[in-house]
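I hope they are handy next to the structure view.

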Number of protein chains: 2
Amino acid sequence: MPPKITTELLRQLRQAMGNLKYTAEPIQAYIVPSVDAHQSEYIAPCDCRREFISGFNGSAGTAIITEHHAAMWTDGRYFLQAAQQMDSNWTLMKMGLKETPSQEDWLINVLPDSSKVGVDPWILPSDQWETMSKALSSAGHTLVPIKENLIDIIWEDKPARPTLPLMTLGLAYTGMSWMDKITALRSKMAERKISWIVVTALDEVAWLFNLRGADVEYNPVFFSYAIIGMSSIRLFINGERITDAAVKDHLQLEVPTKSEYTVQIHEYESILTELQSICANLGPKEKIWICDKASFALTEAIPKLHRCLVPYTPICLFKAVKNATEIQGMRNAHIKDAVALCELFSWLEKEIPKSNVTEISAAEKANELRSQQEDFVDLSFPTISSVGPNGAIIHYRPLPETNRTLTLNEIYLLDSGAQFKDGTTDVTRTMHFGNPSPFEKECFTYVLKGHIAVSAAVFPNGTKGHLLDSFARSALWESGLDYLHGTGHGVGCFLNVHEGPCGISYKTFADEPLEAGMILSDEPGYYEDGKFGIRIENIVLVVSTKPKYNYRNRGSLTFEPITLVPIQTKMINAEMLTEKERTWLNDYHQKCREVVGAELERQGRHEALRWLIRETQPIA
Amino acid sequence: MPPKITTELLRQLRQAMGNLKYTAEPIQAYIVPSVDAHQSEYIAPCDCRREFISGFNGSAGTAIITEHHAAMWTDGRYFLQAAQQMDSNWTLMKMGLKETPSQEDWLINVLPDSSKVGVDPWILPSDQWETMSKALSSAGHTLVPIKENLIDIIWEDKPARPTLPLMTLGLAYTGMSWMDKITALRSKMAERKISWIVVTALDEVAWLFNLRGADVEYNPVFFSYAIIGMSSIRLFINGERITDAAVKDHLQLEVPTKSEYTVQIHEYESILTELQSICANLGPKEKIWICDKASFALTEAIPKLHRCLVPYTPICLFKAVKNATEIQGMRNAHIKDAVALCELFSWLEKEIPKSNVTEISAAEKANELRSQQEDFVDLSFPTISSVGPNGAIIHYRPLPETNRTLTLNEIYLLDSGAQFKDGTTDVTRTMHFGNPSPFEKECFTYVLKGHIAVSAAVFPNGTKGHLLDSFARSALWESGLDYLHGTGHGVGCFLNVHEGPCGISYKTFADEPLEAGMILSDEPGYYEDGKFGIRIENIVLVVSTKPKYNYRNRGSLTFEPITLVPIQTKMINAEMLTEKERTWLNDYHQKCREVVGAELERQGRHEALRWLIRETQPIA
């Protein structure tokens, strides 16, 4: 693909930057972030503004356009792709390299004195606004909100914002009615003397109302906002979907008597004016909760005296601790997922020797097998199906031009997952279908030791996930190896595969303490550039455990694997495992065999069952 | 001791709070922090203002006085002591308990509308000023700086600020002249385009000029500030000590030709006016470095456009990485320290059965033995000498009323250290002179496993210390145990025994990455309330190591123990140790025997030598 020619688009954009119809004074720079108004990980085509103006379509990147420059900041995953997709109007700013200036430093360097830098206040989160604004004003410039998005103005055939039908989820899936969730939220608000909460994250709205959508890829969410008060509920959402009988019934929109559970439906775009009118009528001591990652536009609408910024909303915290129904759903989803993967791996074993399976066709086969399972909805993220050197590219996604054939000589890494109506899955297995080298086995075993060290860790109630990260690396570190990504992320229940506020990483300190019922991934890896990638990922549930003692009655936690897919023993150098690690692995495989075996039997998938039984033999 | 009667003092203070001689408008509250203008850990008697006004003399506490209230915030270590030392004018605010309001919340609750809250801007660090000021103004109040300290006004017999003689350190101790340090600092300033740096931490001034003092207990520092520019050096210091011939010579005060190394001596109190005059003459792009823990008074004097706040100054970072001479000095100091402790422990073995050794007399004996060693200057912190239940009080310091006798039945914990001219020591050993119970041995062995896990850890260059903290806890966690303090702190070289910017703790995220040459403590523990305390503390040096691989050429680090005192094998349940742990312990003991044994031999301390040889027998 040749790069996108952006000369004319940039000319139009620069014209708009000086057009007093859109801005009180001409602006000397315009920032185009890559997110939507909800800080979503996956965005709809109508929100791909940075891609539209530059041609670069990677998942992360920020464009800044000045009168004479157009620059794109992106990270190491995308240096090559961005360079190929952008024309010579653009300068690539390689983030993470020492010589690359930050956006602030670059702006301060290129801008004339007392410049105005514009940005759409809807797509810049308020915490980022603060940082950028501070840096610019320390150098005499000003960050200004531009109400109309200047990209939208020049984007002629911009797609419409999707308004796809909603799915209602009953108690069998959610374990808690949306009214009970509102009640719990209000009691938390009362406890903290909060009058209102503005809900801006799409998965929080979806969770709160037990609704799902399909407005963006992979995440079953829908464009919306909500404002919840102690006696009022406002849902901001567009489209006919809200007139659907099941949705009307679910939200009790036609119940004639008004109560504190009456949902008022508003247009998606009216959130700001509604919020302003709420703010205009606040008592002197009333407070409004809003997440510090909400857009500057909404945050700014709440006067400082009434604004209570939180790094995580109480909805985010509630959502992270799964109830019994959700946990059962997640278990079911992972059994179905394991059925699909056992079938895939047993099929691959037969097909690879024929040299007719590629990264793309293997991913398609995985997708097909998953879709045969009950309550399958979609994938939960783009499948990473990678052979040999492609496995060393951590966020690899097979494309026709990079597509490799699976062979008996190279390691195959598959990181994939699905959305089922009862749960979300995400699993990585690394396999060799021939004879792995001693070095490959050595590295795999280090990664496995790290995986087990986290999974089997016992730690006090209230420990933050980042304190467990080094357990995953210790065996690699001992031999001078490491991996440059975090070890785990929170996982939603038929929601986003990546969710806060918990995680296991060396990078953050702001994660919330772990508690029983939280669900995370455990996914250490090792990547040998140009050769192979190894990652072993299970989804794990935080559970209470009772060790010998109970210091200060704090209680202890550990993890229980929810993912039940064999870990290839052929890749293991068993001599490197301790007795405890061997026992963990054999117990895990026994559970895979019992639980997934029963389901394979039930579904009559006998070949996959034979594969499972063979792959779960205990190691000595 | 009865509580201090503060009725009259509080009356006088409240009068001063309304006296327009000291404040433009009357203030409704006055905050009395417990620190000095340099945020020192140990303070001089003239800075003990919080103790003067309240009677409470613990190391941590903040007093706030309003028209009708006097409240004292302190932490769990001091609840009992504060309650005993304060009269009924005071309300004790127990920090860490859920029901205890923060200072901000309490003020907002008790103050009349639009109140002024006063504080001495010299003793509130600017980062704390920001937090407090923000909270108060969100509730309509104002934090105001009160130039004259109101406690000093009512403190009739206030001691003078000490100006004790200085000690100059030559190259044999420092390894680097102060001029070379200034040159290195200026090159870092040039690299970051910084024109000036304001040095406010006492240990940073002492390190920079290769001078030591004795103005506060335990830390060999002297009251001073410094301002370093690209071609000027200003040292703010009082007293005749600067006219001492050795000091004049060391600082080259009488060299007639002026150069960029000419030190201008100013009065300690003139720092603010000098800084203001520097700021008045700055070019538009000039920047001044100052630590964000510096006083609000000094920070505020630098206009925002010129102010460059840093969590750690480059001096702090330089100081943390010890040079070859400093490392050699630290090694020497620890050998001398080990000699004293071997002698102490062998003496204790003989004396304890006679029931005539107490916590206090054992501490005195340790002090006496240390002071016999060459270049001994002082202790490096108050000795923690604790028997049985007193050992469970983490910051215990024996007092006549708590003093216990050492016996054959209870665990003895000794945490002590000294300032030698060549280095600073800090070591904890936990001993049983009779027969420890299986539970005591079990706990000791968990702590030892944690100690070894940190000490023997291999990790990539640039890893932050907080990522190693969980290694120290893993064995305890596995059995449901833990300890509620950090695992390690940076240690100065003949400087403060606690220094930044590195450390090993779950509590912080802002520590700087570890690099070879840094020196820290490794001190996990376990405390059984009312029964015993266990802590095993070595000082360790960060060193390069070469494991099998070298991922991305980052290089690897590990620790080398500098402390060489036997770890009592009688307290170990050897069956709980892995092969690797046993080898670590036996290797460590062999090194203790060789290195300290040679010095005991040289000093003719034969009884201690026999003790050392017996205590360093390998375990099977």
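1. In chain A, 71% of the contacts with a separation of 6 or more join residues 24 or more positions apart; contact here means heavy atoms within 4.5 Å. Please keep in mind that this is a predicted model, where local features need pLDDT of at least 70, side-chain atom pairs count only at pLDDT 80 or more, and totals for chains, interfaces and linings use all residues. Residues are numbered from 1 along each chain as its sequence is written, chains are lettered from A and ligands numbered from 1 in written order, and side-chain values use heavy atoms, without hydrogens and water.

2. On overall size, the radius of gyration of chain A is 25 Å, which agrees with the value near 25 Å for a compact globule of 620 residues (taken over C-alpha atoms; the rule is 2.2 Å times the number of residues to the power 0.38). The C-alpha trace spans about 75 × 60 × 50 Å along its principal axes.

3. Of the 620 residues in chain A, 58% are buried, that is, under 20% relative accessible area with a 1.4 Å probe, protein chains only.

4. Chain A has 19 helices and 28 strands (DSSP runs: H or I of at least four residues, E of at least two). One open sheet has the order β15-β18-β19 (chain A) with antiparallel pairing, where pairing requires at least two DSSP bridges. β15 (376-379) and β19 (423-424) of chain A are its edges, each with a single partner strand, so one side of each lacks a neighbour in the sheet.

Terms used
Buried means under 20% relative accessible area, exposed over 50%, partly exposed in between (1.4 Å probe, protein chains only).
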